[in-house]
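Please keep the sequence and the 3D view open while you go through the points.

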Amino acid sequence: MFKPKYSMFFDMHTMQKCPDVGHNFDAADFASELHKAGVELVGFHAKCNQGFCYFDTQKGIRHPSLKPGHDLFGDVVRECNKLGIQVSAYFNCGLSYENALEHTDWCRIGLDGNIMHPEIFDIGWVTPYMRTMCPNSPWREYLLDLIREVRDKYPVAGFLFDSFNVFPCICPHCIAKMREAGLNPDCKEDVIAFARRTTVSFAEDISAMLEPRKNGLLTYFLGVSTLENACIGSYLECECLPNSPGWGYDYLPLYARYLRNVAEFDCPILNMTGRFNTWGDFGSLRTQEAVEYDMFLGLANGMRPNIGDHLHPRGDLFRSVFERIGNVYRKIKPYDPWFENAASAVDMAIIVPKSLGRTPAFVGFTRMLSELRMQFDFIPAKADWSKYSLIILADNVELDDLLKEKLEKYLASGGKVIATGTSGLDVEKGAFGFEKAWGCRYIGKSKHNPAYFKLDEKYADEMPDIPLATYTDGVEVQVLDGEVAGEVIAPYYNLQWDGVYSYFYTPPAEFSGEPFLVFTEQCAYCSFPLGTSYYNQTSPDLRKVLEIMLRRFLPQPLTSADKKLPSFARVFVTDKTDCRIVHLLNYLPDLRGKSLMVEDSLPLTGVKVSCRLDGKKAKNVFLAPEKTAIDYTVSGDRVEFCMPESYGYAMVVIETE
């Protein structure tokens with residue numbers, strides 16, 4: 001299977017009203033620009049979300065303004081292949097406007113009985129999601145036929161299948177199949193569960209037809225969960241435009257740490273960002289600093305670059321786009337010897353009990369741990385926990401049979417756990433599944449709203465001498481046999497409306513006697529959801545609580561840096577056979593009005609960094625890619641160095657023996 005190092009993807013959803021699709025397009029010129037930019041794989045539309053095909057189809061609907069006989073997609077494949085550039089065929093599988101107009105019986109019908117879905121994603125009536133296609137209708141076979149056409153006609157490297165969204169449907173096709181399966185079409189939960197099953201089975205049918213791993217085809221289904229893609233497809237992709245608040249700059253660091261731990265085979269992982277601010281935006285060109293920040297962050301986590309663009313329907317080529325992407329890729333390529341075959345080095349893992357989501361708990365922990373320079377993974381519950389010295393159950397991880405079994409084995413092996421909020425709760429029993437390890441008994445939901453806390457006097461030098469807000473609801477626990485390191489402080493009265501007064505001003509009153517932070521030999525437990533609290537209000541004092549919990553079980557973390565490195569900077573560590581690599585990124589994602597912006601590469605010069613060696617011996621430290629020597633000292637199992645002049649991204653290589 002082809003494993004691309006540098007990719008681009010071209011969006012081309014072309015309205016029926018466009019009068020001149022492809023009229024100015026020169027495939028040879030297009031391929032030449034890609035080649036100059038260093039692109040090895042290009043994603044190009046075979047069928048867009050408007051329902052139009054851009055290849056020589058016998059079954060699909062060609063765009064009406066394509067010149068007779070013009071095989072736009074085929075020209076791209078031919079000219080790119082001449083220059084050694086592979087092509088991936090894009091198909092939109094959930095949206096197809098022209099087919100929906102021709103075959104209304106192929107459309108999904110929502111729970112309200114309406115064929116149209118203007119409420120989806122809260123973006124109103126002007127949206128490609130006006131009509132979505134039902135995979136239980138004849139649409140399924142129609143699309144499979146189109147995919148077969150491309151597979152059999154063109155030497156493509158793979159396929160990207162889009163819009164596998166789980167939208168509930170009560171069309172006649174779905175109702176009949178639900179009843180066959182013993183499901184109730186009048187039950188919302190049954191309809192949603194059936195929609196999810198249908199969506200996955202559609203992807204499975206496509207995969208069975210293509211046999212991507214057997215045939216070496218890159219295959220990914222956008223909308224299908226990561227775990228399901230790891231079974232059905234042949235590579236993984238993370239679509240993220242971080243400057244768009246819908247994604248944000250917390251999305252990629254979270255998902256990158258998960259994707260690298262999901263596949264049970266050696267598959268490529270692509271990091272898809274865009275040269276624009278958002279999809280459908282033809283008129284923006286993000287700064288080089290913004291794009292390189294996305295790419296370097298992905299590379300430090302084992303992902304390869306993929307930059308999205310829009311192809312103008314006429315086929316006009318905008319040279320400045322190719323130039324910018326080429327500049328980014330030329331900056332990256334000298335680092336490749338150290339990116340290739342490197343594995344992430346981590347101390348701890350956050351457990352993902354079901355599917356990964358951009359939840360307040362996960363985002364909050366991602367931010368706190370990143371700001372504390374910690375090295376961590378997100379892992380599915382079924383993964384191997386043995387390589388982690390610390391496991392985190394973030395805020396609301398309820399125990400099922402698998403988690404009970406895994407946690408029991410992990411604790412028996414001497415592993416350490418951080419748990420917050422309701423994590424560790426056995427819902428059926430209404431109790432913590434591991435009371436002894438947690439050091440406390442679950443009583444129920446906290447009575448205090450808002451709640452405050454104060455840590456033990458031993459932490460007085462680290463925390464302000466005031467009651468501190470939790471910014472969330474928590475749980476009430478009773479200490480059993482643990483060390484109470486912090487206590488909940490109750491307010492005078494709860495935030496409420498009593499029919500006469502609005503109790504808005506709710507100052508702290510007195511200690512409640514209820515534990516806030518409890519330590520045992522193997523566990524640090526906080527009775528309030530720290531990740532969600534930090535997401536709600538990014539108080540450094542909440543982060544300090546987590547730092548204190550970490551310090552108990554991880555006194556020598558993999559990396560640390562002095563205060564010259566700002567909190568928004570990020571540090572990652574990877575390993576190769578003969579070296580340990582420290583990646584530092586110092587870019588500022590700045591909220592400007594409604595959008596996020598990265599414009600500057602900030603200095604790393606003079607930052608002092610410490611990295612654990614894990615028993616290896618350092619023999620040389622240098623700044624890649626020029627191999628500029630860096631003075632260093634070794635103290636015990638740690639190497640320490642001071643950053644030479646560098647900006648934005650820096651790679652420090654610690655050669656070991």
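**Notes on the predicted model**

1. If a disulfide is taken as a pair of cysteine sulfur atoms within 2.5 Å, the count comes to zero disulfides. The sulfur of Cys134 has its closest cysteine sulfur in Cys174, at 3.4 Å, which is too far for a bond. Cys440 is in no disulfide either, since the nearest cysteine sulfur, that of Cys523, is 7.6 Å away. As for their surroundings, "buried" means under 20% relative accessible area, "exposed" over 50%, and "partly exposed" in between, with a 1.4 Å probe and protein chains only. Cys134 counts as buried, at 1% relative accessibility, and Cys440 is buried as well, with a relative accessible area of 0%.

2. Residues are numbered from 1 along each chain as its sequence is written, and side-chain values use heavy atoms, with hydrogens and water left out.

3. The next points concern strands and helices, which are DSSP runs numbered from the N terminus (helices are H or I with at least four residues, strands are E with at least two), and two strands pair if DSSP finds at least two bridges between them. Six strands form an open antiparallel sheet in the order 11-28-29-37-33-34. Its edge strands are strand 11 (343-344) and strand 34 (628-629), each of which pairs on one side only. Within this sheet, strand 29 (residues 579-585) and strand 37 (residues 649-656) pair in the antiparallel sense over seven bridges, and Ile581 has Val653 of strand 37 as its bridge partner.

4. Helix 10 (residues 288-299) lies across strand 28 (570-576), strand 29 and strand 37, and runs at about 155° to strand 29. Such angles, from 0 to 180 degrees, are taken between the N-to-C directions of axes, which are lines fitted to C-alpha atoms, for helices over the stretch in contact; contact means heavy atoms within 4.5 Å.

5. A second open sheet to look at has nine strands with mixed pairing, in the order 13-12-14-15-26-25-22-19-20. Strand 13 (376-380) and strand 20 (468-469) stand at its edges with a single partner strand each, so one side of each is left without a neighbour in the sheet. Strand 15 (residues 416-420) and strand 26 (residues 523-526) pair in the parallel sense over four bridges, and the bridge partner of Thr420 in strand 26 is Cys526. Helix 14 (residues 401-412) lies across strand 12 (348-352), strand 14 (390-393) and strand 15, running at about 135° to strand 15. Helix 17 (residues 540-553) also packs on the sheet, where the strands touched include strand 12, strand 14 and strand 15, and its direction makes about 160° with that of strand 15.

6. Strand 32 (residues 608-612) has four of its five residues buried, so it is largely enclosed by the rest of the structure. Strand 32 runs antiparallel to strand 27 (residues 559-561), to which three bridges join it, and Ser560 stands opposite Ser610. Five bridges join strand 32 to strand 36 (residues 638-642), again antiparallel, with Val609 standing opposite Phe641.

7. Grid points are joined across faces, edges and corners, and a volume is the space filled by probe spheres set on the points. The second largest pocket holds about 830 Å³ of space. Its lining has 30 residues, and those closest to its centre are Asp266, Cys267, Gly302, Asn341 and Ala342. Helix 12 (336-339) and strand 11 are the elements that give two or more residues to this lining.

8. There are six cavities of 30 Å³ or more, and the largest cavity has a volume of about 100 Å³. Of the 17 residues that line the largest cavity, Leu41, Gly43, Ser88, Tyr235 and Asn306 lie nearest its centre. Strand 2 gives the most to this lining, with four residues.

Terms used:
This is a predicted model: local features need pLDDT of at least 70, side-chain atom pairs count only at pLDDT 80 or more; totals for chains, interfaces and linings use all residues. On a 1 Å grid over the protein atoms alone, a cavity is a set of points where a 1.4 Å probe fits but cannot get out, and a pocket is an open set with protein on both sides within 12 Å along at least five of seven lines; lining residues have an atom within 4 Å of a point.
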